[in-house]
Structure formats: structure tokens, C-alpha cells
Amino acid sequence: MYRLSKKEKIQYGLTGFLAGSLFLYFFYQTVYVIGMAIPCAFLYCKWKGKELGEKRRRRLELQFRDWIDSASGHLQAGCSVENAFVKSGRELTYLYDSAADIHREIRSMEHLLSNNIPLEKILYDFGERSQAENIQNFADVFATGKRSGGNLREMISDTCEITAMKTDVEREIQTMIHGKVMEQKIMCFIPFGIILYISLSSPGYFSSLYHNPAGICMMTACLLFYLFSLWISLRIIRIEV
């Protein structure tokens, strides 16, 4: 989870309120709707927290991939599973900043291992808390392999390879749709640009759509249709592997 700081709440709250105010004013052309933009501040904070949480989760999955990749190398060298994870965790201090989330998990793992907590239980708890699919899958496979007495060295090596392939595919998809994402963002502003252009070039052209019940109903319908289209476009560009 990503918890917004007080500064971030103020920053994103003001951004959401101002954007919501301009958005509603554009549709209704009256300052009385500005008060309706207050929920936009809370909704934007919630959405921003979710977005930052997703980015944090993706970073954590990449860091975990490096962790098990390094652990696989130590296992091939003959280390026990627990020692392989401890040694590889310490090596990550040279790759990532001390504030990285993975360092907190490594310190927690070392503490729990020193208290004789099984590694599979630690990894399972890590996957549940992070809600990262790759970590959860690895924890499930690791626990099953250890219970059944499987070849952990081969299993971790295969898991590293599969995780790397999945990560590479995700990166390729993001690269391929990057242009479409930019097009989607531009298209979101096209209707406002058209209305603004017509309003400036032909004053009074849209006057019948404002300050009367029929116009308000029409603009409300347009607003709902626009929000629905925006939601659909965001769903289209969201591709999960």
C-alpha cells in the first residue's frame, strides 16, 4: 500500500479540486458547480495513491527478481537455501538505495530466520503483504517444492527464467503501447479544444446549452458519456501479463 504524506495529500487534493472545478465549469458555465468539485479532490487522492502503489509494487517485483536471481547463483555454488537468500539479500545493498522496499524485507527475513521461522512462511507472508503476483507465485511454488522434497536449485532457477521472461514481455508491451497511451491522453483533451475554439470563434453558439433545464440535462448526459468513454479508454490501455 502507498500512504500519501500530508504534503502529497494537499498537493493532489488541490490538483483534483482545481481540475474538477475547471472540468465542471466547462460543462455548465456557472460558478455554482465549483462546490461539486470537492469530491474530486478526494477521488484524485485515492486514484493517485493507487497509481503510486502500483508503481511501488512493480519496482518491488523487479527488486525481488534480482534477489532470487542472485540466490539462484548462490544455490548453484552449494549454499543452503536460507544462506543463499541472506547472502543475495546483502548483495542487493550495492544495487539499490537504502530506502528501497526490498531492503526492509531482507532485514525482516534475516530477523525472522534468526528466530527459526521457516523461509517458506516468510516468503508467503511477503507475497500476501505486497500483493505482487510474481512474489505470490514464487512463494507458492517454493513452499510446494520444499514440502515435496523437490530440487529447489532447479526450481528457483526455472522460476527466475520464467519471471524474467514475463517482465521482458511486460516491458515490450509498455513500449509498444506507449504511443497509443499518448494518443489517448491527447484525445481526452480534443473535445475541450473543439468547444473552446467554437466558443471563441462564434460567441453564443453554445448558449442554448447553459442556464436552462434542457441544456443542463443535455450537458449532464454528455458529461456522463465522456466519463464512460474515459473509463473505457483507460481499461483498453491497461494490459496485464
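Select Asn116, which comes after helix 4 and has a positive phi, near 65°. (Helices here are DSSP runs of H or I with at least four residues, strands are runs of E with at least two, and both are numbered from the N terminus.) Before you go on: this is a predicted model, where local features need pLDDT of at least 70, side-chain atom pairs count only at pLDDT 80 or more, and totals for chains, interfaces and linings use all residues. Residues are numbered from 1 along each chain as its sequence is written, and side-chain values use heavy atoms, with hydrogens and water left out.

Why stop at a phi value? Most residues other than glycine have a negative phi. Asn116 sits in the loop between helix 4 and helix 5. Is Asn116 buried or exposed? At 69% relative accessibility, Asn116 counts as exposed; buried means under 20% relative accessible area, exposed over 50%, and partly exposed in between, using a 1.4 Å probe and protein chains only.

Now jump to Gln29, in the loop between helix 1 (6-28) and helix 2. Phi of Gln29 is positive too, near 55°. With 30% relative accessibility, Gln29 counts as partly exposed.

Next, colour helix 4 (101-114). Its 14 residues should span 20 Å at 1.5 Å a residue, and the end C-alpha atoms are 21 Å apart, which agrees. (The expected span is 1.5 Å times one less than the number of residues.) Which residues of helix 4 are buried? They are Asp101, Ile102, His103, Glu105, Ile106, Met109 and Leu113. Look at that spacing: an α-helix has 3.6 residues a turn, so residues three or four places apart point the same way. The cover over these buried residues includes helix 2, helix 3 (81-91) and helix 5.

Stay in helix 4 and click Leu112. Leu112 is partly exposed, at 27% relative accessible area. Setting aside neighbours within four places in sequence, Leu112 is in contact (heavy atoms within 4.5 Å) with Ile117 and Ile122.

Last stop: show helix 2 (residues 38-76) with helix 6 (residues 133-148). They pack at an angle of about 35°, with axes 9 Å apart. (Axes are lines fitted to C-alpha atoms over the stretch in contact, and angles run from 0 to 180 degrees between N-to-C directions.) Helix 2 brings Leu60, Glu61, Phe64 and Ile68 to the contact, while helix 6 brings Glu133, Asn134, Ile135 and Phe138.

Finish on Asn134, which counts as buried at 10% relative accessibility. Beyond its neighbours within four places in sequence, Asn134 is in contact with Glu61, Thr163 and Lys166.

Note on methods. Expected span 1.5 Å × (residues − 1).
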